[in-house]
There are 2 protein chains.
Amino acid sequence: MARRAVALLSGGLDSAVAAAEARAAGFEVHALTVLYGQRHAAEVEAARAVARHLRCASHREVAVDLGSFGGSALTDPAAPIPRDRDEAAMAGGIPATYVPARNTVLLSLALSLAEAIGARDLFLGVNAVDYSGYPDCRPAFLEAFERLARVATKAGVEGEEFRLHAPLVRLSKADIVRRGAALGIDLSLTRSCYDPDAAGRACGRCDSCRIRARGFREAGVPDPTVYR
Amino acid sequence: MARRAVALLSGGLDSAVAAAEARAAGFEVHALTVLYGQRHAAEVEAARAVARHLRCASHREVAVDLGSFGGSALTDPAAPIPRDRDEAAMAGGIPATYVPARNTVLLSLALSLAEAIGARDLFLGVNAVDYSGYPDCRPAFLEAFERLARVATKAGVEGEEFRLHAPLVRLSKADIVRRGAALGIDLSLTRSCYDPDAAGRACGRCDSCRIRARGFREAGVPDPTVYR
């Protein structure tokens, strides 16, 4: 029987490729989408489409409203999404779209699900190249979470080791696009835009859109993204 | 201006005393109650009453349905709550009421709130004496989470240190009752039972009830708990 893995699936490009890596490695993949107060339904629908496309063994959606805490342009309807350039990020600081402790929350939920279903492997699509401004995308964070998982759980106490896989952490976006194409993923199913319109079409101007478009361009892979 | 702290408040005895310690230490206390799929509303109402009683600066409730993951008698309506004795716990194992990675999820949410509101101190009522069977109540877990918090956050990256306070971690239940009484907390507002009736009255038989009752008895403090 295939070992189980939990893959966090946001509906974006990176998490789809990370989940596909889990499948390619022979895991039975259980997808988890966390609705943490993002502003748009388009990415949740994309996550469902990706989970079906990857033939995940299960796909759970769990809601937790981090938006009620404030502190991020990504969950605060009143805060502007940075366009064209994010001044803080350009200066090497933390982007306005940083959601406080987001990946800690996401991974803790993935860990809870993993322990409940007997999985010991977690897959996460974080990337430290294009998202170097996010503290919780760095290898130091991932290593600290893996250490935590080993003392936080019944399985860990009983001697089993949780492994946190971040197969994209050191890849460029072009490498991620190439890898996705090589794994046969229909990348048109994924959504990356921070600020899509009601029909789910990408803005083409936010940081996430610009990084994604450049990735396809540099990879020499046709960009299937629908812009408004 | 008083420094801010986030205190996780479950409605139980221990978290109420931990939050009162935060107040006694001079913090402006922001309470957070996580509705993680526990079976009973009584403890949420207790958390609200305790937050008012302690004059917390704010009290947020955030829902995240860990019950949908399965794996615990505490969140699964179909699983029996252990009565009189929990065979696994008696054998030095993990109790049936263990919720997979619960405290990791709770602390990650507290960390997210703390970062959003500018708090650097988290208070948690975990106890490693009476709950030695729960992996995420042990000092090793708390230390690993504190290390994680320092690399997981914008504030941490910018050199500020998060501190995780677990003032009860090495106290007996009798010590906790005494400390609560000394801090002037109305302990009748708190609820500990895993299996209360519809009116919120305690069963008197689950592990949590038995540990609590013994704590009051050994502390020589009148037990205000209403049993059915």
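Hi everyone, thanks for coming. Please keep in mind throughout that we are looking at a prediction.

Let me start with the fold, using chain A. It has eight helices and five strands, and from the N terminus the elements run β-α-β-α-β-α-α-β-α-α-β-α-α. Of the 228 residues in chain A, 54% are buried. If you take the contacts in chain A with a separation of 6 or more, 71% of them join residues 24 or more positions apart.

Now over to chain B for the sheet. In which order do the five strands sit? They form an open sheet, 3-2-1-4-5, and the pairing is parallel. Strand 3, residues 58-63, and strand 5, residues 163-165, are the edge strands of chain B; each has a single partner strand, so one side of each has no neighbour in the sheet. On average, neighbouring strands here are turned by 25 degrees against each other, ignoring direction.

Strand 4 of chain B, residues 121-123, pairs with strand 5 of chain B over three bridges, in the parallel sense. One bridge to look for joins B:Leu122 to B:Leu164 in strand 5.

Next, the helices that go with the sheet. Helix 2 of chain B, residues 42-53, packs on the sheet and touches strand 2 (28-35) and strand 3. Its direction makes about 175 degrees with that of strand 2 of chain B. Helix 4 of chain B, residues 102-117, lies across strands 1, 2, 3 and 4, and runs at about 140 degrees to strand 2.

Helix 5 of chain B, residues 139-152, deserves a moment too. Buried residues in helix 5 of chain B include B:Phe141, B:Leu142, B:Phe145 and B:Leu148. What covers the buried residues of this helix? Part of the cover is from chain B, including helix 4, helix 6 (154-157) and strand 5, but helix 4 and helix 5 of chain A contribute as well.

As for the contact itself, 36 residues come from chain B and 36 from chain A. On the chain B side, the elements giving two or more residues are strand 3, helix 4, helix 5 and helix 6. Helix 4 of chain B has the largest share, with nine residues. By type, the chain B side divides into 22 nonpolar, eight polar and six charged residues.

One last stop, back in chain A. A:Asp197 is in the loop between helix 7 (173-182) and helix 8 (207-219). A:Asp197 and A:Gly11 are 186 residues apart along the chain, and their C-alpha atoms are separated by 16 Å.

That's my tour, and I'm happy to go back to any of it.

Conventions:
Residues are numbered from 1 along each chain as its sequence is written. Chains are lettered from A and ligands numbered from 1 in the order in which they are written. This is a predicted model: local features need pLDDT of at least 70, side-chain atom pairs count only at pLDDT 80 or more; totals for chains, interfaces and linings use all residues. Two strands pair if DSSP finds at least two bridges between them. Helices (H or I, at least four residues) and strands (E, at least two) are DSSP runs, numbered from the N terminus. Axes are lines fitted to C-alpha atoms, for helices over the stretch in contact, and angles run from 0 to 180 degrees between N-to-C directions. Two residues are in contact if their C-beta atoms, placed from the backbone, lie within 7 Å. A residue is buried if 20 or more other C-beta atoms lie within 10 Å of its own, exposed if 12 or fewer, and partly exposed in between; C-beta atoms are placed from the backbone. Ala, Val, Leu, Ile, Met, Phe, Trp, Tyr, Cys and Pro count as nonpolar, Asp, Glu, Lys and Arg as charged, and the others, Gly among them, as polar.
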